[in-house]
Amino acid sequence: MTPVNILIVDDREDNIIALEALLTRDDIRLFSTTSPNEALKIAWENQIAIALVDVQMPEIDGFELVEMLKSNPRTKDILTIFVTAISKETKYAVRGLGTGAIDYLYKPLDPYVTSAKIDSFIQLARCQAELKEKNEELQNFALVVKNSADIICTVDAQNLSIQSVNPAVEKVLGFKPEGLTGKSIVDLAISTERATFKKRLAAMVNSNLSFDVFESQFITFSKNNIWVECRASYRHKTIFLNISDISPRKSYQQQLIRSKEVAEYGKKIKETFLANMSHELRTPVSGMIGLIDMLNKTLLTDQQNSIVSMLDTSSQSLLGVINDVLDISKMEAGKFSIVRSSNDLHKLLNSVFNLLKFKADKKDIDFLLEIEPGVPKQIMIDSLRLNQVLMNLLSNAINFTDRGYVKLKVVLLKKHDDKVKLKFMIEDTGIGIAADKLSTIFDSFEQAGDDTQNRYGGTGLGLTIVKNLVELKGGQLSVSSQVGKGSIFSVTNWYTLAEAPKEDIDNGPAKKLTPFTNLSILVAEDNMVNQFVLAKLLKDWNIDVDMVDNGRKALEKLRNYHYDLILMDTHMPEMNGYEAAKSIRVDFDEPKRNIPILSLSAAILDSEQSEAIAAGMNDVLAKPFQPYQLHEKISRLLVKKPV
């Protein structure tokens, strides 16, 4: 506890010594003097709470000293007690109290009475100091309230009338503060918000909530609506409100919402366009690949084989361009995923090398593969995407190199526990890339030069896909190049070592596909070429096939006939595959309601595949597909086994 400062003023030292002996304790700090002038100085320099003043003193008596103390704002709150030996006549008491003293102590001093009175005055001094501190706080708060940019008001909790309001109400709402006193706070809300606003305040009072925050709309003096945030406190039947104008924030939020809606709408349009483009392009490509596969199974002359081979190359090239566009869109939408598994890196590198060797041989350039010692065989990778990255970079290198060599080199940079840092370098002696083009070659539809497309072809999407794939895998892609001398593309990334799988299961197209027995399938497909290919494929597997070209006809067929499986295209006229699948799952009785449905769609976007499953289809197979893939899907969906 802070000691109380007490000043003793007496012209006799022995009286001071006696009072000091009586008052010396831990909760009191004593100041003493025999001079009134010195007393004034002490009172000025120290926070004196109580002054014990002798009445009869030379030069300045006690009455005059107290009058001086009371006349100074800095010392006027000192509690003054006269200590005197003169008569107890009323006129002296009146004079002393008139100067501002609060009591008398008469000599000779009674120790008990003196201690009791001093204790009571100490308590009074402490209360006075606390009251002064609180008053200063209130004055500070009043200043904050007065100058606040927010409306601050007190409201009667019984009738919700405004008791007081700060000047900010005029700036925010346009109303004079004095004009709102006594009026209901509810009337400040717009008509459609008043019931809700009143209910919110009433709930706060009834539930005795100490604090609540909510938004509302108020009407200004000029009849404009503004958004406000109300922070309310409830205490002693009074509601204290801090009301902020949040119209700018609300306007910004609404702009963000509108921008988000526009962006989502644009995204939806883009996805719809891509889905339609995917379907419209992949559907005929699927038919082409199916027909080529059928032609390859017939007896052909060497010339016919060459033509069919060129057809196959062209169709696969077209499919690659379509997939590139869709991959870019997936990456931009953040829907592209990397799936890592244990793979033989050396086998993958040799596979890529062998696939492109013929292309390099045709251009009469050297094609080299160099795997440095220490590069592990078995690592965790997404083999499909690494293959895509290397094929893109190597195909570009071969395409832009007319003499010299193209080299794929793999080196081990670092090893830490079960992690290895590998660097894949694709080096060529081709045309090179100008320095001012190095920063743009990874942008969509950009190429190394203005005449590159005319001379070498391509869409300008390959390097964009490579860059995005490498970054999705957490790696780095860099390039160095000199015009006329060649380029080096480097892919660097960390990989996890893995154990070789126990067995290598081959599910490829070379697998012999056995026919089915007693199997009937309904096919809903609107493209005539795909109808022909599917019918021929299924009949070769000993399957009875019924073919329709839209979802409505599929429903009619299913009502009248029994089938073991439905192959359903999703994009068809009159009724699409989604609607047909939903109708089967809802409108048909058992067992037809639960007939397996396999979606055969040219749409490969994840959202469309999810939509197919949500519509009630059991599985999805994207066009174009290999015959063995369809055979596997049918086998899994049906209880009947191939013979």
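Start by selecting lysine 250, which is buried at 15% relative accessibility. This is a predicted model. The side chain of lysine 250 forms a salt bridge with glutamate 215, with 2.9 Å between the closest N and O atoms. Lysine 250 belongs to helix H9 (residues 247-296) and glutamate 215 to strand E8, so select both elements to see a link between parts of the chain 35 residues apart. Glutamate 215 is partly exposed, at 34% relative accessibility. The structure holds 30 salt bridges.

Zoom out to the whole chain. The protein chain has 19 helices and 22 strands. Of its 643 residues, 42% count as buried. Among contacts with a separation of 6 or more, 63% are between residues 24 or more positions apart. The chain exposes about 35100 Å², of which carbon and sulfur atoms supply 53%.

Next, select helix H1, residues 13-23, and show the side chains of Ile16, Leu19 and Leu23, its buried residues. Looking down the axis of H1, these buried residues fall within an arc of 70°, so they line one face of the helix. The spacing has a simple background: an α-helix has 3.6 residues a turn, so residues three or four places apart point the same way. The face of H1 turned away from the buried side carries Ile17 and Ala21, both exposed. To see what covers the buried residues of H1, display strands E1 (4-9), E2 (28-33) and E3 (50-54) and helix H5 (111-147), which are among the covering elements.

Stay in this region and select arginine 12 and aspartate 14, whose side chains meet in a salt bridge at 3.0 Å, N to O. Arginine 12 is partly exposed at 46% relative accessibility, and aspartate 14 is partly exposed at 40%.

Then select lysine 107 and aspartate 54, another salt-bridged pair, at 3.5 Å from N to O. Lysine 107 sits in the loop between E5 and H5 and aspartate 54 in strand E3, so the pair ties together parts 53 residues apart in sequence. Aspartate 54 is buried, at 5% relative accessibility, while lysine 107 is partly exposed, at 24%. Lysine 107 is also joined to proline 108 by a cis peptide bond, with omega about -5°. Proline 108 is in the loop between strand E5 (103-106) and H5.

For another cis bond, go to lysine 623 and proline 624, where omega is near -10°. Proline 624 lies in the loop between strand E22 (619-622) and helix H19 (627-637).

Two non-glycine residues with positive phi come next. Lysine 223 has phi near 70° and lies in the loop between strands E8 (211-219) and E9 (225-235). Lysine 223 is exposed, with a relative accessible area of 65%. Glutamate 574 has phi near 65° and is in the loop between strand E20 (565-568) and helix H17 (577-587). Glutamate 574 is exposed too, at 60%.

Finish at aspartate 428, in strand E15 (residues 419-428). Aspartate 428 is buried but has no salt bridge; lysine 363, the nearest side chain of opposite charge, is 9.9 Å away.

Technical notes: Residues numbered from 1 in each chain as written. Predicted model: local features only at pLDDT ≥ 70, side-chain atom pairs only at ≥ 80, totals over all residues. Heavy atoms only, no water. Helix = DSSP H or I, 4+ residues; strand = E, 2+ residues; numbered from the N terminus. Buried < 20%, exposed > 50% of the residue type's maximum accessible area, 1.4 Å probe, protein only. Lys, Arg positive; Asp, Glu negative; His and termini not counted. Salt bridge = Lys/Arg side-chain N within 4 Å of Asp/Glu carboxyl O. Arc of directions from axis to C-beta. Contact = heavy atoms within 4.5 Å. Areas by Shrake-Rupley, 256 points an atom, 1.4 Å probe, with all protein chains shown as cover.
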